[in-house]
Amino acid sequence: MLIQRFVVMPQVARSLAHDARAVLRLARTAWHLLRGMVVVTLLFPRLTIDQRQQHIGRWSHQVLRALGVTLRPSGNLVACAQMLVANHVSWLDVMVLHALCPQARFVAKSDVKHWPLIGHLVTGAQTFFVDRSRPRQTGKAVDAIAAALANGATVAVFPEGTTGNGQAVLPFRPSLLQAALAAGVAIRPVALRYADLHHRVSPSAPYIDDDTLLRSLWRTARAERLLVHVSVLPVQAPDTPDRRALAVSLRAAIQTALF
């Protein structure tokens, strides 16, 4: 019995230490979220596009550090007229890519617009919102994205249409890729992999199924040495008007880079 106590006590102490660290991380994250809200609401209307992008990049780095997430990029994301195509694991993905490419405009599900705090922040970053349940609305979004790309914007999309568990890349939906084909811009695949002290693919990062944002935040803040490996892959210049074939090719490139 005494031996069991000596074994259990260090485990309890470690668990309490992890909890305390998570609370501190979440407190710092909340501060940066509130600060971001103030900047977007009060300062953004008076700032130039370049100044807004500087704030977005700096803020994304700060939130990731506050949560204890370390970036490990391989390759550079240069701002230009291009579409970034990435696998989707977590709500963290947007901040990860914004930290490396603050010029990127994202495409998100329409319900993200109504998330507390985060919805206001992503709206301020000129996010395109898509309601995939309404094909006509998706078509309008594709036209808006194509126009932005034609004007020199960098647009980031997650063609899986939802988040995965990080263990595999889900099939890509081809609809949003039509915007890149219409604008005639290159497509840059990006592979995202979260790891931690104990796992090559961390179970702490995925935001899937019936998970809640609060549970996901707590799990992320409690993770040990959470790393996100960002592999910037060679540009693919579409040589076919077949967006379905393009979706298969992009998914294969990202899956190969990950696994």
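Trainee: Which residues line the largest cavity?
Mentor: This is a predicted model, in which local features need pLDDT of at least 70, side-chain atom pairs count only at pLDDT 80 or more, and totals for chains, interfaces and linings use all residues. Residues are numbered from 1 along each chain as its sequence is written, and side-chain values use heavy atoms, with hydrogens and water left out. A cavity is a set of points on a 1 Å grid over the protein atoms alone where a 1.4 Å probe fits but cannot get out, and its lining residues have an atom within 4 Å of a point. The largest cavity is lined by Ile-49, Arg-52, Gln-53, Ile-56, Pro-102, Gln-103, Ala-104, Arg-105, Gly-124, Ala-125 and Gln-126.

Trainee: Which element gives the most to the lining of the largest cavity?
Mentor: Helices (H or I, at least four residues) and strands (E, at least two) are DSSP runs, numbered from the N terminus. With four residues, the greatest contribution to this lining comes from α2.

Trainee: How much space lies in the largest cavity?
Mentor: The structure holds three cavities of 30 Å³ or more. A volume is the space filled by probe spheres set on the grid points, which are joined across faces, edges and corners. The second largest cavity has about 40 Å³, and the largest cavity holds about 100 Å³.

Trainee: Which residues line the second largest cavity?
Mentor: The volume of this cavity is about 40 Å³. Its lining consists of Asn-87, His-88, Val-89, Glu-160, Gly-164, Gly-166, Ala-168, Val-169, Leu-258 and Phe-259.

Trainee: How far apart are the end C-alpha atoms of helix α8?
Mentor: The expected span of a helix is 1.5 Å times one less than its number of residues. Helix α8 has 16 residues (243–258) and should therefore span 22 Å. In agreement with this, its end C-alpha atoms are apart by 23 Å.

Trainee: Within what arc do the buried residues of α8 fall?
Mentor: Buried means under 20% relative accessible area and exposed over 50%, with partly exposed in between (1.4 Å probe, protein chains only). In α8, the buried residues are Leu-246, Ala-247, Leu-250, Ile-254 and Leu-258. They line one face of the helix, because their directions from the axis to the C-beta atoms fall within an arc of 105 degrees.

Trainee: Which exposed residues does the face of α8 turned away from its buried side carry?
Mentor: The buried residues of α8 pack against β2 (82–86), α6 (177–183) and β6 (186–195), where contact means heavy atoms within 4.5 Å. The face turned away from that buried side carries Arg-244, Val-248 and Thr-256.

Trainee: Within what arc do the buried residues of α7 fall?
Mentor: In helix α7 (residues 213–222), Ser-216, Leu-217, Thr-220 and Ala-221 are buried. These residues line one face of the helix, because the arc seen down its axis is 130 degrees.

Notes
On a 1 Å grid over the protein atoms alone, a cavity is a set of points where a 1.4 Å probe fits but cannot get out, and a pocket is an open set with protein on both sides within 12 Å along at least five of seven lines; lining residues have an atom within 4 Å of a point.
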